[in-house]
Amino acid sequence: MTSKNLCFKLMREDIKRRGWTIALTVLGLLFTTVIPTAIKCGELTDLTVQDSPVIKYMQQSVVKLLKTGSMAAVFLIVASVLWAVSGFHYLHNNKKVDFYHSIPVRRRQLFLAIYVNGILVPAVIYLAVLLISVGIALQAGVSIKLIGILPIQGYVLHLLYYSLLYTTTVVAMMLTGNVVIALMGTTVFCSYGPAVVALTLGYFNAWFHTFSLSAGQERKWILAMWNTSPLGNYIGSIGDFNSGMWYIHRLAGVLIITILLAGLSYALYRLRPSEAAGKAMAFSCSRMPVKVLIVIPVSVAFGIFFYLLRSNLTWLVFGSLCGCVLCHCLMEIIYHFDFRRLFSNKIHLACCMAVSLMLAFAGYFDWYGYDSWLPEASDVKSAAISMRDTDEWVTYGQIASMPRGDGGIRFYWSYKNKTNYCFENMSLTDISQAMELADRGVREDERIRKNESSGDYLRTNCTVQFCMKNGKQVYRSYSLPLDEELKQMYASIHDNPEYKQGAYPVMKQTGGETGSVQVQQYGKRMDVDLDEAGRSRLLEAYQREWLALTAKTRGEELPVGIIRFGTKQEEQFWKEYQADKEGKSFSYDLMDNCYYPIYPSFSETLGILKDAGITFMKLDENTISAISLDHYPIYDDTGRNGEMVLVHEGQRIFCEEKNDIKNLAPALWYREYYNMGLGFYRMNLDFDTGISVYFKDSDHPASFYLDLNKLSPEMARHYGFRLINTGE
């Protein structure tokens, strides 16, 4: 009982000593909680409109302020450091240490009184401030039902993370003998984990040329950055709580870690020598580990930075050594508070330099064998392939909705990464094509490391996923030149039905999911009037013909139009939008997604569309009334001192004669279909000419390209085209 009374007396005395800390905490929480709530509630009471979305939105804003308290969270982060430093700063002063340790009380009671005050007093102040804020909200008309237990949940969240950050700072105070060094230690504790995780990821990206991550792995790396820091975890938890997620297990983990850190801080307090006051580090045995853990990552980061500047081994070595020496010397100066001691512990410096260089060389020369790795075919269950710069017109994702700022709803298209979609939906049981692609990628990487690929200006990335029989998934991304070998390889991959099933979302769609069909030709949109059975029949026909479509056909044929199979979900959202345009908005590009090309060889698809009243026009003199050729002026920096010189005069040629239209029509390529076919790379397009085509049944012209390969040199010159390949 006497011990308990003594502890309470010590707590009272500590509170008296820290009056300025309490006052600052009260002011800070008032300005970050009560006043913002009062301002929001004032705006709410000033509104004269009743039962409007604006009223609901304003009430939700007040509740969100009470729930999350983002501004209060920022202040609590500062307060956690303030209370820890103000409580234990006496440990960093020789005279104060002698005074406090001469008091006839146990050190355990002294530590407990100061430590508990650092949590209890801010907790009481924040609770009082929060209750005042809730009272203001209730007086402004926000119902208690709408508020619910959200402020209580927010209070528990903030208090637990405040305690974690406060205890972390206390540990830093125990490990150091100087307040400035303690603050630096707190910064290291809060940032070291995310920094090392980010550096590791940067190391992989810098040295492993074939390094690739799936969407799930990317999320794990991001979570690792957040979870390796108490501050980062706090910010992440606030974001999750603001999104409506409440993780009891995470808060329980925070409580357990706080208790463990509190035990560690007390143990350090008991072991801490009194003469540590004024020194940089309270324990001499902690100097070397801390120094090594900081110097080596800094050295690796310096090496990568200088290498990225010049891509040279010499600069890599210079950066690694420079970072190591600078960081090591700075740490020694901090440890000894003496500039003359910067080269103390040369053995430590030599060891850090050796480790840093080994890490740099291991990445540069791929001693890990990461980029040269190829799986054994017998160990692979299936594979998936995603090739950049091919079929970039394909839309991935789905329709989604989100609340608007005024309380309404906005419908939009939630896009998904192409590679992630392919890896989730593709399963190539015949892995020979993936193995062949990986083998080519490994050989190309060897050329890149030997600087033998400098002439390959046009390159693309191909990412491969290997699903191993042991359940592991391995990802590799290869940089390959766009040569004939790769085009033939892609043609073989493209013609694989399993590839198409996983690369094109239309192949996964069913007739029961399809609610509408639209087609477009040269900018003209047409709705296809079919019942559910007809839509299903059309979708199945298109899927069959798309599955049978070869790369050779796509390289030779031009699409006659494009088709879109809208889902019933999209139709429902569209109906909701039409019924309430004031409360809902529709993203402008929502209905322009998910179009697929229709080729002339798609006879079954074209037949069903024809029966539904949809026909596609041909580009000839019977459908085109005129073609406008706008040749832009072309300048080149071939003059003296790099002056711009006119090398081709601009002119406009307007072709209305049937013979001219007959000559130009076979070479026309509709701009929006560019890249939809696989033959675009075989075209000789003149991008310095604007081509507008006027149709007989439309008042609006359409924009086209023109393939000069389909015109004779004489005809091209006649229509004012500049033949670059012949120097004309």
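Mentor: Let us take Thr-176, which has a relative accessible area of 5% and is therefore buried, since buried means under 20%. Please keep in mind that the model is predicted. Thr-176 belongs to the loop between α8 (150-175) and α9 (179-207). Its side chain reaches the backbone oxygen of Ala-172 at a distance of 2.8 Å. If residues up to four places away in sequence are not counted, Thr-176 touches His-92, Ile-181, Ala-182, Arg-272, Lys-279, Ala-280, Met-281 and Ala-282.

Phe-75 takes us to helix α4, where it is one of the buried residues. Others among them are Ala-72, Ala-73, Leu-76, Ala-79 and Trp-83. Helix α4 (residues 70-88) has 19 residues, which at 1.5 Å a residue should span 27 Å; the end C-alpha atoms are 28 Å apart, so the two values agree. Phe-31 itself has its place in helix α2 (residues 19-46). Is Phe-31 buried or exposed? It is exposed, because its relative accessible area of 54% is over 50%.

Phe-466, not counting residues up to four places away in sequence, touches several residues, including Trp-373, Val-380, Ala-434, Met-435, Ala-438 and Val-474. Ala-434, Met-435 and Ala-438 are among the buried residues of α17. The buried residues of that helix also include Arg-440, Glu-444 and Asp-445. What covers the buried residues of α17 includes β1, β4 (459-468), β5 (473-481) and α18 (484-494). The 18 residues of helix α17 (residues 432-449) should span 26 Å at 1.5 Å a residue, and the end C-alpha atoms are 26 Å apart, so expectation and model agree. After α17 comes Asn-451, with a positive phi near 60°.

Strand β4 also contains Gln-465. With a relative accessibility of 2%, Gln-465 counts as buried. Its side chain makes a polar contact of 3.1 Å with the side chain of Tyr-475. Apart from neighbours within four places in sequence, the contacts of Gln-465 include Ser-382, Ala-383, Phe-423 and Val-474.

A pair of them is described by the distance of the centres and the angle of the planes. A search of the whole structure finds 50 aromatic pairs. In one of these, Phe-365 and Trp-367 have ring centres 6.2 Å apart and planes at 15°, so the pair is stacked. Phe-365 counts as partly exposed, at 42% relative accessibility. The pair of Trp-393 and Trp-546 is edge-to-face, with 6.2 Å centre to centre and 90° between the planes. Trp-393 lies in the loop between β1 (380-387) and β2 (397-403), while Trp-546 lies in helix α20 (residues 532-548), so the pair ties together parts that are 153 residues apart in sequence. Both Trp-393 and Trp-546 are buried. They belong to one aromatic cluster, whose members also include Tyr-504, Tyr-542 and Phe-565.

Lys-67 lies over the face of Phe-241, 5.0 Å from the ring centre. Likewise, the charged end of Arg-476 sits over the ring of Tyr-370, at 3.7 Å from its centre.

Finally, consider the backbone. Most residues other than glycine have a negative phi. Ser-311, however, has a positive phi near 50°. It lies in the loop between α13 (287-310) and α14 (313-336), and its relative accessible area of 53% makes it exposed. Asp-366 also has a positive phi, near 55°. Its place is in the loop between α15 (346-364) and β1. Asp-366 is buried, with a relative accessible area of 11%.

How values were computed: Residues numbered from 1 in each chain as written. Predicted model: local features only at pLDDT ≥ 70, side-chain atom pairs only at ≥ 80, totals over all residues. Heavy atoms only, no water. Contact = heavy atoms within 4.5 Å. Phe/Tyr/Trp six-rings, centres within 6.5 Å; stacked < 30°, edge-to-face > 60°. Buried < 20%, exposed > 50% of the residue type's maximum accessible area, 1.4 Å probe, protein only. Helix = DSSP H or I, 4+ residues; strand = E, 2+ residues; numbered from the N terminus. Lys NZ or Arg CZ within 6 Å of the ring centre and 35° of its normal. Expected span 1.5 Å × (residues − 1). Polar contact = N/O pair within 3.5 Å; in protein donor to acceptor, adjacent residues only side chain to side chain.
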